[in-house]
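Hi,

Here is the structure I promised to pass on.

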Amino acid sequence: MKRFFTYSKNRPGRKEREGTVRMIYLIRHGEVDHAAHRCISRTDLPLSPLGRAQAQALGRWIARHPIASLYASPAARCMETASLLGAQRAVACEALREVDVGAWENLTFEEIRARWPEAYRRRGEHIGTTAPPGGESFLDAGRRFDAFLTDILDKTDGDIAVVSHGGILRAWLCMALSLDPDAVLTIRQPRGCVSALSFDGGTYRAQFIGCKPFPVPDDEEIGRLYRRCATPEAVIAHCRAVADQALSLAVRSSADRELLRAACLLHDLCREAGRDHPAKAAKLLDGEGYPQLADIVAQHHDLRAGACAEAELLYLADKLISGCTPVPLAVRFEASRAKCGSGRAALLWEQRYACARQLANKYGVPL
């Protein structure tokens with residue numbers, strides 16, 4: 001099969017053409033209405049209100065990237081997503097259906113483990129190549145998708161969009177990226193995401209994989225993330241104060257204000273998880289299709305060398321707010337110094353304080 005020549009983690013951006021380069025947009029359907037923790041593949045499910053909103057957001061993005069052909073799985077959730085893109089009518093293709101889970105369809109994972117303990121164990125150990133009873137493996141589904149895509153590219157011209165399912169899209173991307181089949185679930189594919197690839201002379205080049213169509217979640221989505229993580233109101237209030245502080249400092253920088261605001265509002269999303277909450281919040285945001293936002297949030301305790309302006313401003317603003325109250329940098333760090341219970345903690349404190357002082361000088365904040 002054809003392989004990717006390059007892979008970049010860039011966000012969705014401008015389409016660039018050279019010669020006969022074609023673009024391929026792989027879209028996962030929006031959120032659906034169904035009971036959680038069930039094994040679903042061929043069961044027909046409608047989009048939820050959130051799923052419809054996700055499809056409409058995809059439509060606003062795809063409108064900037066004109067397509068010549070649109071294809072979709074016949075499943076209701078995919079056809080409805082395709083209809084909300086605002087593009088031409090989708091061609092339903094059986095080859096785009098989800099990975100078939102066979103006898104496990106619509107069962108809870110607890111029921112599956114109880115009825116097929118050995119098959120469940122084998123699939124857990126080799127999820128990419130082991131098929132459920134009466135179903136197919138991820139590897140087989142990826143080959144099915146590859147045959148479809150090769151055929152369509154041979155028969156058509158222009159850019160194409162494909163609306164399909166998380167499992168089969170992961171399966172094909174896993175093959176195309178030459179990953180171990182058992183790594184299939186590590187490929188980011190949140191509902192309502194898009195992956196963009198160029199195709200030129202038999203070679204695929206991935207521009208980005210599994211991203212939400214816009215890099216900054218709106219306030220409704222931010223609220224949904226708060227509810228998902230049960231973020232306390234006091235923490236939300238702190239995040240808002242940090243956002244106000246960061247935006248007041250941003251006039252001295254070229255930072256993307258919308259991205260900065262979202263990063264500030266979500267930096268303590270998982271605060272209740274303890275000291276490693278930056279990493280946990282970053283993992284959640286990345287899985288939701290916001291990798292750029294996730295990278296900024298991941299650094300709000302320990303800033304990496306060469307960090308972007310948004311990460312710098314979040315880091316500094318977070319140190320200038322105690323609860324919801326602005327405080328001088330020295331006051332904030334003196335209060336935290338007393339909490340250092342070990343030599344390593346004291347070293348981290350000194351490194352963080354030095355970083356904050358450097359940023360304060362850079363952004364004109366009195367020490």
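Below is what I found, topic by topic.

First, the ground rules. This is a predicted model, so local features need pLDDT of at least 70 and side-chain atom pairs count only at pLDDT 80 or more, while totals for chains, interfaces and linings use all residues. Residues are numbered from 1 along each chain as its sequence is written, and side-chain values use heavy atoms, with hydrogens and water left out.

On confidence: pLDDT is the predictor's confidence in each residue, from 0 to 100. The protein averages 91, and 94% of the residues score at least 70. A contact here means heavy atoms within 4.5 Å. Helices (H or I, at least four residues) and strands (E, at least two) are DSSP runs, numbered from the N terminus.

Now the cysteines. How many disulfides are there? The count is zero, a disulfide being a pair of cysteine sulfur atoms within 2.5 Å. The sulfur of C193 has its closest cysteine sulfur in C211, 7.9 Å away, which is too far for a bond. Both residues are tucked under the buried label: C193 has 0% relative accessibility and C211 has a relative accessible area of 1%. For these labels, buried means under 20% relative accessible area, exposed over 50%, and partly exposed in between (1.4 Å probe, protein chains only).

Next, helix 8 (residues 233–249). Its 17 residues should span 24 Å at 1.5 Å a residue, and the end C-alpha atoms are 25 Å apart, which agrees. The expected span is 1.5 Å times one less than the number of residues. Buried residues in helix 8 include V235, I236, C239, V242, A246 and L249. What do the buried residues of helix 8 pack against? Their partners are helix 7 (219–229), helix 9, helix 12 (309–319), strand 8 (321–322) and strand 9 (325–326).

Then there is a helix pair to look at. The axes of helix 5 (residues 138–155) and helix 6 (residues 166–176) come within 8 Å and cross at roughly 80°. That makes helix 5 roughly perpendicular to helix 6, a label for angles of 65 to 115 degrees. Axes are lines fitted to C-alpha atoms, for helices over the stretch in contact, and angles run from 0 to 180 degrees between N-to-C directions. Among the residues making the contact are F138, R144, F145 and L149 of helix 5 and I168, W172 and M175 of helix 6.

Two loop residues have a positive phi without being glycine. N106 has phi near 65° and lies in the loop between strand 4 (91–92) and helix 3 (109–115). N106 is partly exposed, at 36% relative accessibility. For A230, phi is near 50°. The loop that holds A230 runs between helix 7 and helix 8, and A230 is exposed, with a relative accessible area of 56%.

Last, R337. This residue is in helix 13 (residues 329–337) and counts as partly exposed at 34% relative accessibility. Leaving out residues up to four places away in sequence, R337 touches A346 and W349. The C-alpha atom of R337 is 22 Å from that of C239, 98 residues away along the chain.

Cheers

Definitions and conventions:
Parallel < 35°, antiparallel > 145°, perpendicular 65-115°, else oblique.
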